[in-house]
Amino acid sequence: MGEPKTIHFVSLGCAKNRVDTEVMLGVSSESGYEIVNDPGAAEVIVVNTCGFIGPAKEESVETILEMGAHKEAGTCKKLVIAGCLSQRYPEELAAELPEVDHFLGSSDMLKLREVLKGRTERMLVGNPAQYTMRADDPRVLTGQTHSAYVKIAEGCNRECSFCAIPSFRGKQRSRPIEDLVREAERLADMGVVELNLISQDTIAYGRDLPRRQSLAELLTALADVRGIRWVRAHYLYPEKLTEPLVEVLSRHDRVLPYVDMPLQHASDTVLRAMRRGHGGKRMYELVERLRKSIPDSVFRTTFIVGHPGETDDDFAELVAFVEWAEVDHVGVFLYSPEDGTRSAEMRELVEPSVAEARRDELMRVQGPISRERLQLRIGTELDVLVEGVSDESELLLQGRWWGQAPEVDGSVYLANGTARAGEIRRVLVTDAADYDLMADFVDGPVGRDAPPGEKDPRPLKVKLRTLP
Ligand code: SF4
């Protein structure tokens with residue numbers, strides 16, 4: 001037997017793309033390939049691209065060109081492009097990039113098998129509606145072994161005017177609960193204790209299944225898998241929260257009351273232009289309901305500034321909402337016109353410099369709010385998932401408490417003890433910075449530190465909000 005063949009992956013874009021890359025890593029391992037970190041040592045290079053918005057597309061093209069250099073140098077024999085960019089622009093890319101040997105779309109992960117066998121044509125971009133991930137798809141986890149993303153559905157049925165995703169990811173296709181439980185069991189066997197559920201529209205999970213299933217049912221089923229300690233749902237569309245969902249978020253010991261809900265804006269006019277199906281009042285009602293029904297919840301949201309038609313008054317409404325809502329984590333994106341969307345046809349454009357100034361202003365307003373929310377944790381006990389030795393110093397351990405999602409929300413630094421990566425430990429918070437906490441290990445049973453109602457009373461005071 002000769003040396004194993006080598007393959008290198010570049011994964012761009014969001015967590016959903018990362019799961020797709022992990023499936024292609026699984027396909028490569030099954031096919032006998034050795035995965036290498038150095039593209040210069042790889043016979044096959046796969047770039048899993050992002051085609052979401054302008055800057056992401058540019059980054060994808062630059063990466064393809066960079067990887068193409070290894071083909072010119074002769075070390076790389078096969079260059080493969082996968083993901084949203086090739087799903088969106090297959091013909092254009094095929095014409096512009098002769099150095100690329102194969103194009104896969106955003107739902108063609110398993111076709112990599114045929115590519116690696118050397119028995120297939122150049123253009124392999126398929127119809128996304130024909131693929132939904134399954135528990136028995138091969139998968140190699142990247143990053144921390146105790147935490148994994150789980151893609152619970154593909155596609156989206158909404159019609160937000162700024163978003164091109166439904167046009168190339170297709171209609172929503174939810175995976176059945178039984179299949180997701182099987183995947184969770186496999187992940188738990190691999191040492192995973194934290195599941196982060198992702199999709200385009202997580203709150204709509206299961207509505208498309210023949211036997212309608214709900215996000216609340218799914219959360220309960222996954223949290224009951226042996227070995228799974230934390231389940232967190234990302235990307236909840238701002239809909240009225242159903243009673244069963246509030247119930248499971250607030251009462252289940254292993255379902256985290258972490259609400260990640262992209263609100264996008266708070267002005268009626270902009271929300272109408274975005275075709276979100278609701279006005280700004282919904283935002284106030286949602287935050288108020290959340291604070292009342294799950295007072296210990298942690299709230300993450302994102303906004304888009306610079307959407308066509310956004311006036312100074314609209315932006316002022318958004319700022320007023322952000323000041324009122326006092327959410328924990330906020331991300332602000334600049335509007336990006338996308339081919340084939342209704343927003344891209346609108347005429348009342350916002351100057352890029354104005355949009356940038358609005359983004360900076362919103363972050364300036366939110367900064368002290370996030371800081372204050374973290375400072376409220378000083379002196380309280382929390383459960384922390386230990387991730388290992390800190391990137392900052394070998395003398396510190398690093399982890400996350402349940403209110404910090406991986407990769408987006410900061411860390412907890414621990415200076416006074418030892419622990420294994422993947423352990424959930426009780427800590428006392430001693431200090432807070434802009435995004436991170438300092439804490440010491442303490443003795444004491446773990447269980448979610450913010451148990452709704454039935455355990456110790458919450459040490460943290462959360463202000464109840466009322467409608468203005
Ligand atoms: S819900 Fe999200 S993915 Fe679906 S159309 Fe709206 S922005 Fe796009």
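Below are some questions and answers about the words used for this structure.

This is a predicted model, so local features need pLDDT of at least 70 and side-chain atom pairs count only at pLDDT 80 or more, while totals for chains, interfaces and linings use all residues. Residues are numbered from 1 along each chain as its sequence is written, and side-chain values use heavy atoms, with hydrogens and water left out.

Q: Why is G170 called buried?
A: Buried means under 20% relative accessible area, exposed means over 50%, and partly exposed is in between (1.4 Å probe, protein chains only). G170 comes out at 18% relative accessibility, so it counts as buried.

Q: Where does G170 lie, and what does it touch?
A: G170 sits in the loop between α6 (165-169) and β9 (173-174). Helices (H or I, at least four residues) and strands (E, at least two) are DSSP runs, numbered from the N terminus. Not counting residues up to four places away in sequence, G170 touches G155, C156 and I165, where contact means heavy atoms within 4.5 Å.

Q: What makes α12 and α13 roughly parallel to each other?
A: Look at the angle: helix α12 (residues 312-325) and helix α13 (residues 352-375) pack at about 15 degrees, with their axes 10 Å apart. Axes are lines fitted to C-alpha atoms, for helices over the stretch in contact, and angles run from 0 to 180 degrees between N-to-C directions. Angles under 35 degrees count as roughly parallel, over 145 as roughly antiparallel, 65 to 115 as roughly perpendicular and the rest as oblique. That is why α12 and α13 get the label roughly parallel. On the α12 side the contact is made by D312, F315, L318, V319, V322 and E323, and on the α13 side by R358, E361, L362, V365, Q366 and I369.

Q: Which way does α12 pass α13?
A: In a right-handed crossing. A crossing is right-handed if the near helix is turned clockwise from the far one by less than a right angle, and left-handed if anticlockwise.

Q: Why is α7 roughly parallel to α8?
A: Helix α7 (residues 177-189) packs against helix α8 (residues 215-223) at an angle of about 30 degrees, with their axes 9 Å apart. That angle makes α7 roughly parallel to α8. Here too the crossing is right-handed. The residues making the contact are I177, L180, V181 and A184 of α7, together with E217, L218, A221 and L222 of α8.

Q: What makes β3 and β4 a pair?
A: Two strands pair if DSSP finds at least two bridges between them. Strand β3 (residues 44-49) and strand β4 (residues 78-83) have six bridges and pair in the parallel sense. As an example, V47 has I81 of β4 as its bridge partner. Helix α2 (residues 54-73) packs on the sheet too, touching β1, β3 and β4, and its direction makes about 175 degrees with that of β3.

Q: How do you know which strands are at the edge of the six-strand sheet?
A: The open sheet has the order β2-β1-β3-β4-β5-β6, with parallel pairing. Its edge strands are β2 (34-35) and β6 (123-124), as each pairs on one side only.

Q: What is the order in the sheet of three strands?
A: This open sheet runs β12-β13-β14, again with parallel pairing. Its edges are β12 (258-260) and β14 (329-334), and the twist averages 15 degrees from one strand to the next. Six bridges join β13 (residues 298-305) to β14, and F303 stands opposite V332 in β14.

Q: How many residues lie between β18 and β19 in their hairpin?
A: Four. The two strands run antiparallel, joined by five bridges, and A432 stands opposite L437 in β19.

Q: What makes a nonpolar core, and how many residues has the largest one here?
A: A nonpolar core is a set of buried Ala, Val, Leu, Ile, Met, Phe, Trp, Tyr and Cys residues joined through side-chain atoms within 4.5 Å. The largest has 68 residues, and L195 and F321 have the most contacts inside it. Helix α12 gives the most to this core, with seven residues. Leaving aside neighbours within four places in sequence, F321 is in contact with L263, A266, M283, Y284, V287 and F303.
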